[in-house]
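Please look over the sequence and the model shown here before reading on.

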Amino acid sequence: MSEPIYAAVMAGMLGLLLGSFLNVCSFRWPNDESVVSPRSHCPSCDQMLPWYDNIPVLSYFILRGRCRSCRTTISMQYPLAELTTGVIWAGLFWYHGLSGEALRGALFLTILFGIALTDARYYIIPDEFSLGGLVLGLAAAFLPGGLTALEAVLGAALGFGLLMAVAQAGKWAFKKDAMGGGDIKMMAMIGAFLGIPGALLTIFLGALLGSVVFGPISWKTGKLVPFGIFLSAGAAITYGWGGDIIGWYVSTILEM
Ligand SMILES: [Zn+2]
């Protein structure tokens, strides 16, 4: 096998395992439970899972989506999240080859995906993802390629400051918390990975997607907008195509 294919296959396998761990994190961190103990068990009958019932994606299909001992349906989130994380890791190492940028991008998209999973289910963005991710993002700036350490620090500061200002303005205007502290910490993490231009584009895309996609639902049902999901989507789009979008904006809008 040539090097990129080999790197992609190995990274994809690692991604499947990380996806399995990401599921555990997304169910336990919002409830302040340890992700190490107890070991993987059925949430319904508490039966510990033997290793062969805990293989990413495969076990779900071998078990036909049901617990071996109590036959309760297993959430589709397990195989889907494992597969998605596997695709993220395989895709980035395929695209960038065995490199620092592949690792940086795969870590970033995995954290964003974990945040989207927890925010969708619990309306919570665990500090482990946001603050833990902030530390990873700052550390990743020392990998070759990508941002400089200064750009990462400035991006984190801007992301944090801007969302803090929006939250304060929202509180003043609506007399209640319009934005959670989780979103603010998450935006610091995103800024550390994307720098100042990327952080600005993420906030713009997140607000746009949030109001277009969830605005009508929120209006009808009174449900809060899980803004973390839309910031995640905005940040993923910015990571992939931000340079093109900003370049297009500068050349067609600003230079008209
Ligand atoms: Zn069970």
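Which residues in H1 meet which residues in H4?

## Helices H1 and H4

On the H1 side they are Ala-11, Leu-18, Leu-22, Cys-25 and Ser-26, and on the H4 side they are Ala-106, Thr-110, Phe-113, Gly-114, Leu-117 and Thr-118. Two residues are in contact if their C-beta atoms, placed from the backbone, lie within 7 Å. By class, the contact of H1 with H4 contains 7 nonpolar residues, 4 polar residues and no charged ones. In this grouping Ala, Val, Leu, Ile, Met, Phe, Trp, Tyr, Cys and Pro are nonpolar, Asp, Glu, Lys and Arg are charged, and the others, Gly among them, are polar.

The model is predicted: local features need pLDDT of at least 70 and side-chain atom pairs count only at pLDDT 80 or more, while totals for chains, interfaces and linings use all residues. Residues are numbered from 1 along each chain as its sequence is written. Helices (H or I, at least four residues) are DSSP runs, numbered from the N terminus.

Two packed helices are described by the angle between their axes and the distance between the axes. Helix H1 (residues 3-28) packs against helix H4 (residues 100-122) at an angle of about 30 degrees, and their axes are 10 Å apart. Axes are lines fitted to C-alpha atoms, for helices over the stretch in contact, and angles run from 0 to 180 degrees between N-to-C directions. H1 and H4 are therefore roughly parallel to each other, a term for angles under 35 degrees. The crossing of H1 past H4 is right-handed, meaning that the near helix is turned clockwise from the far one by less than a right angle.

H1 has 26 residues and reaches 37 Å from its first C-alpha to its last, close to the expected 38 Å at 1.5 Å a residue. The expected span is 1.5 Å times one less than the number of residues in the helix.

Buried residues in H1 include Ala-7, Ala-8, Gly-12, Gly-15, Leu-16 and Asn-23. A residue is buried if 20 or more other C-beta atoms lie within 10 Å of its own, exposed if 12 or fewer, and partly exposed in between, with C-beta atoms placed from the backbone. The buried residues of H1 pack against helix H3 (77-96) and H4.

## Helix H6 and its partners

Helix H6 (residues 149-174) also comprises 26 residues, and the 37 Å from its first C-alpha to its last is close to the 38 Å expected. Ala-152, Gly-155, Ala-156, Gly-159, Phe-160 and Leu-163 are buried in H6. Helix H5 (127-140) and helix H7 (181-221) are what the buried residues of H6 pack against. The axes of H6 and H7 come within 6 Å and cross at roughly 115 degrees. H6 and H7 are therefore roughly perpendicular to each other, the term for 65 to 115 degrees. The contact of H6 with H7 has 18 nonpolar, 5 polar and 2 charged residues.

Met-164 lies in helix H6 and counts as partly exposed because it has 17 C-beta neighbours inside 10 Å. The C-alpha atoms of Met-164 and Ile-5 are separated by 43 Å, and the two residues are 159 residues apart along the chain. Just after H6, Lys-175 takes a positive phi of about 60 degrees.

## Helices H5 and H7

H5 and H7 pack at an angle of about 20 degrees, with 8 Å between their axes. H5 and H7 are therefore roughly parallel to each other. The residues of the contact of H5 with H7 divide into 8 nonpolar, 4 polar and 2 charged.

## Loops

The loop between H1 and H2 holds Pro-38, and the peptide bond from Ser-37 to Pro-38 is cis, with omega near -5 degrees. Val-57 is also placed in the loop between H1 and H2; it has a positive phi of about 60 degrees although it is not a glycine. In the loop between H4 and H5 is Tyr-123, which is not a glycine but has a positive phi of about 55 degrees.

Ile-74 belongs to the loop between helix H2 (58-62) and H3. Ile-74 is partly exposed because 18 other C-beta atoms lie within 10 Å. Not counting residues up to four places away in sequence, Ile-74 touches Tyr-60, Leu-63, Gly-65, Arg-66 and Cys-67.

Key
Helices (H or I, at least four residues) and strands (E, at least two) are DSSP runs, numbered from the N terminus. Angles under 35 degrees count as roughly parallel, over 145 as roughly antiparallel, 65 to 115 as roughly perpendicular and the rest as oblique.
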